Structure formats: structure tokens, C-alpha cells
Amino acid sequence: TTLDVMGGQSAILGSGANYVVGKVASAFNFDGANDYVWMPAQSGYDIAQSANGFTIEFWMNPAAQANTAVLGWTNGIRFERYQNSSWFGDSVRCLMSSASSGTLRAVNLWSASSFSWTHVAVTYDRVLGLARIYSNGVLMDTQTVGTNLFSTAGDFYLGQVAGSTGFYPGQLDEISLYQRTLTPQEVYNVYASGSVGKCPDDNNLAPLVYAGPDLFVEGVPGT
């Protein structure tokens, strides 16, 4: 098993999923045949209920042309690779709701076998019912998905998701869930941090000492 950074919740690696060198330290590695990572339902993962909106962001590095699931909740909000242009899996979509505008698309991210680490982020503004998808810090699509969203209350999966077909071949890294809407600048900053990675506030901070305001003694040589 592995643990998430903030909540310490367990994840189960299934059917041979393992770790390789990733974008930031180690990444989950999937063979595209039957590998997956399973995280049982947790209240902290149920971000669709957040009154402040939410954000999902991660790094992905596909290893083959394939139209497959990527990550998401069982029969809920989920990411898939699909073919938009000439190649299987050249694009990514996020299924948010059953509305006609309920799917976000980031198109033509890869071609042939020119796969590389790509940052994907989806933000959701609950007040406006507005969702956005970004690739490498650039806004790719905006849709009014409404407020009747697919669920995030179920089990959370990487590599394969119930409701989508196929197993994802490649790596996933730095998968992060936020119970608020990241700003475009924040999304870009996460992308721009690259292999340095994020520094989440896990409340494990070094002690601080406040010595009071700076004081100066006037009229003393050398001061």
C-alpha cells in the first residue's frame, strides 16, 4: 500500500502496478493490461460536495496509443484518453456531468509515439457551475457543466475506472485533489514547478520564534 500526503489514507496497488522514476520522485506505473490503484471511498475525497468548488490536477506520461480510462471515481467524475485526431489516446477528456456541455476536452496533446510528461488540471466553480481544463498550464476548454455533477463519493481509482473502458498504459504522478477552485495562476504555478513538485501544507511546520520588531539605537557609531 501507499499513503496520501495530507490524509494518510491507504491506497492498494493491484495486478502488478508499481513505481518508477516519475516527474517528481516516484510515479505510479501501469502496464496497460490490468494494473490499477484503488483508494476506498473517503469523505475527504468527495470533492464534488465542496461549497467552494474543487480542483483535480496531476501529471501523466502515456506509454502507448490507447483509448482508456486514466483516473477518477467509480461511475463518477473521471478522466479518459480518447482519439480526437489521428491517433488513439491523443487527447484527454473529463466527464463532469450528464449535461450536453458536461465534458471537458484537452485535445491533441500527443501524436504517434511522441509521449511526454503532461500536466492536466480541471477546476470547478460551483457558484457559476463552470469548469475548466488546462494542459501544461494553458486553458484548453471551458464548459458550463451545471451543479448536478457526477459523484465523487465512491471509490477512487488510478489506471482503470468503472464506467470507462480499458487500462491506462504509462505513469501518473502528483495526483492532487483540492476542495476549492485553483486560480489560473495557481494552476500555472503548479505546472511551472515541474520536477521540483509541490510543497503541500500538511500542518507539519517548523517552530517559529518571534523576537519582536527591529530596534535601532540612534547616535551609536557603527549602527
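View 1. Among the elements covering the buried residues of α1 are β6, β11, β12 and β15, where helices (H or I, at least four residues) and strands (E, at least two) are DSSP runs numbered from the N terminus. This is a predicted model, in which local features need pLDDT of at least 70 and side-chain atom pairs count only at pLDDT 80 or more, whereas totals for chains, interfaces and linings use all residues. Residues are numbered from 1 along each chain as its sequence is written, and side-chain values use heavy atoms, with hydrogens and water left out. Helix α1 (residues 184-193) lies across β6 (54-62), β11, β12 and β15 (169-178) and runs at about 160 degrees to β11; axes are lines fitted to C-alpha atoms, for helices over the stretch in contact, and angles run from 0 to 180 degrees between N-to-C directions.

View 2. The buried residues of the helix are V187, V190 and S193, buried meaning under 20% relative accessible area, exposed over 50% and partly exposed in between (1.4 Å probe, protein chains only). Because these residues cover an arc of only 125 degrees around the axis, they are on the same side of α1; the arc is that of the directions from the helix axis to the C-beta atoms. An α-helix has 3.6 residues a turn, so residues three or four places apart point the same way. The exposed residues P184 and Q185 are carried on the face of α1 turned away from its buried side, and G194, which follows the helix, has a positive phi near 55 degrees.

**View 3. The open sheet of 7 strands.** The strand order is β3-β4-β15-β6-β11-β12-β13, with antiparallel pairing, two strands being paired if DSSP finds at least two bridges between them. At the edges are β3 (18-21) and β13 (138-144), each of which pairs on one side only, and the twist from one strand to the next averages 30 degrees. Strand β11 (residues 118-125) is joined by 6 bridges to the antiparallel strand β12 (residues 130-135), and T123 stands opposite R132 in β12.

View 4. Strand β4 (residues 26-31) pairs with β3 in the antiparallel sense over 4 bridges, and N29 in β4 is the bridge partner of N18. The hairpin has 4 residues between its strands, and A25, in the loop between β3 and β4, has a positive phi of about 60 degrees although it is not a glycine. A25 is exposed, with a relative accessible area of 64%. In the loop between β12 and β13 lies N136, a residue other than glycine with a positive phi near 50 degrees, and N136 counts as partly exposed at 25% relative accessibility.

**View 5. The nonpolar cores.** The largest nonpolar core has 37 residues, and F79 and M96 have the most contacts inside it; such a core is a set of buried Ala, Val, Leu, Ile, Met, Phe, Trp, Tyr and Cys residues joined through side-chain atoms within 4.5 Å. The largest share of this core, 4 residues, comes from β6. Leaving aside neighbours within four places in sequence, M96 is in contact (heavy atoms within 4.5 Å) with residues including F54, I77, L104, V122, Y124 and F150.
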